[in-house]
Amino acid sequence: MRVDLILLCFAYVLSQFYRAFLAVLTEVLERDVGASPEDLATASGLWFLAFAAMQIPVGWALDKVGPRRTASVLLLIGGGGGAAVFALASAPVHISIAMLLIGVGCSPVLMASYYIFARTYPAAVFATLAAVILGVGSVGNLASALPTTLAVEAFGWRAVVGGTAVVSVLTALGLFFIVRDPEAAQSDVKGSLFDLLKMPALWLVFPLMAFQYAPAAGARGLWIGPFFRDVFGAGDGLVGNVTLLMGAAMIAGTFAYGPLDRLLGTRKWVIFGGNILSMVGCFWLGLVSVQSLWLAVGIFAMIGFFGASFPMMMAHGRAFFPPHLVGRGVTLMNLFAIGGVGVMQMLTGRLYARVAEGAVSPADPYQALFVFYGALVALGLFIYVFAQDRTD
């Protein structure tokens, strides 16, 4: 793999870390900063919403100024600056501001890689390449689990987050000096985001794109820690281990999805089948009182594994994009995926708070959350069944 793509992959490691590390910091942030689970759900939602809102300007920038400057400048200001704000936080609002800035900083890194893939490699291998960089980059998901728990115990959470601020700045500088922009698409055809929004085929893909990642991202990035603490009395070490297992399942699922469209000759039904199983996992946690800790771990891993269809869905949408709108196309898909997660994080925070007020069992608010997640995936699947299958 090219050196610049390796560096972009490392930048995506940071992105995965930032979106998931709150799950293992809930207890220390409540103690030191006064942040409740609802506060952290809001902060996590702001990360995803900022990330999603940036996809429109990022798409324009990728097509107009290229991935090098787009990724490096935003990661420097948002990633480095936001992590610094987080490390200095003294109130829940500071955590929210920091996560919003970090969301802005992380917004271009994966799409910059996808843009280079789309402009440089054949469309038939896009899903595989997208899955590889997503899977390798998801090491950040693992790093935000047990390793972060151990680092926080050893050095304190402020030092750990401050260290990631320094790493973000250095990575951004590396992107600026190393990334190579592909040649711009040569076309006399003018186009904009509105040309993509006029395509009926994409509107059958967008709903599932918005809902399929929400259960895995929400569970791994926010709810898995509180769930195992409240329902099973887990300590920090056990929470670190179960988040590590779910993160590993998400990585394994990403790699498993990657080549299946070429092996089976379909993207649509690979995506459909995988998300059916993710939905089953959500309803299992939501409708059944799970008494076994390790069965619960297995169901979380199931949701993570089968909810990893993001690169395959990106490839499905990519098949409809004209060459001169690739940047705006991949970021539009990403807007629906990450924006969906952001909205769901904030809604689930409020749902949790409301159900917890009258809960009989510690599991009650979490069961409500997963019924909600399962219903969303079911709705997306109902619409997606009418989508056109494209593997070119």
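**A tour of the aromatic contacts**

Begin by selecting Arg19 and Phe51: the charged end of Arg19 sits over the ring of Phe51, 5.6 Å from its centre. A charge sits over a ring when NZ of Lys or CZ of Arg is within 6 Å of the ring centre and within 35 degrees of the ring normal. The model is predicted, so local features need pLDDT of at least 70 and side-chain atom pairs count only at pLDDT 80 or more, while totals for chains, interfaces and linings use all residues. Residues are numbered from 1 along each chain as its sequence is written, and side-chain values use heavy atoms, with hydrogens and water left out.

Select Arg68 and Phe176 next; Arg68 lies over the face of Phe176, at 4.6 Å from the ring centre.

Turn now to ring pairs. The whole structure holds 28 aromatic pairs (rings of Phe, Tyr and the six-membered ring of Trp, with centres within 6.5 Å; planes under 30 degrees apart are stacked, over 60 edge-to-face, the rest tilted). Select Phe86 and Trp157: their ring centres are 6.0 Å apart and their planes stand at 80 degrees, so this pair is edge-to-face. Phe86 belongs to helix α5 (residues 67–87) and Trp157 to helix α11 (residues 157–178), so the pair ties together parts 71 residues apart in sequence. Helices here are DSSP runs of H or I, at least four residues, numbered from the N terminus. Phe86 is buried, at 0% relative accessible area, and Trp157 is buried at 5% (buried is under 20%, exposed over 50%, partly exposed in between, with a 1.4 Å probe and protein chains only).

Finally, select the cluster linked by ring pairs, whose members include Trp223, Phe300 and Tyr373.

Note on methods:
Helices (H or I, at least four residues) and strands (E, at least two) are DSSP runs, numbered from the N terminus.
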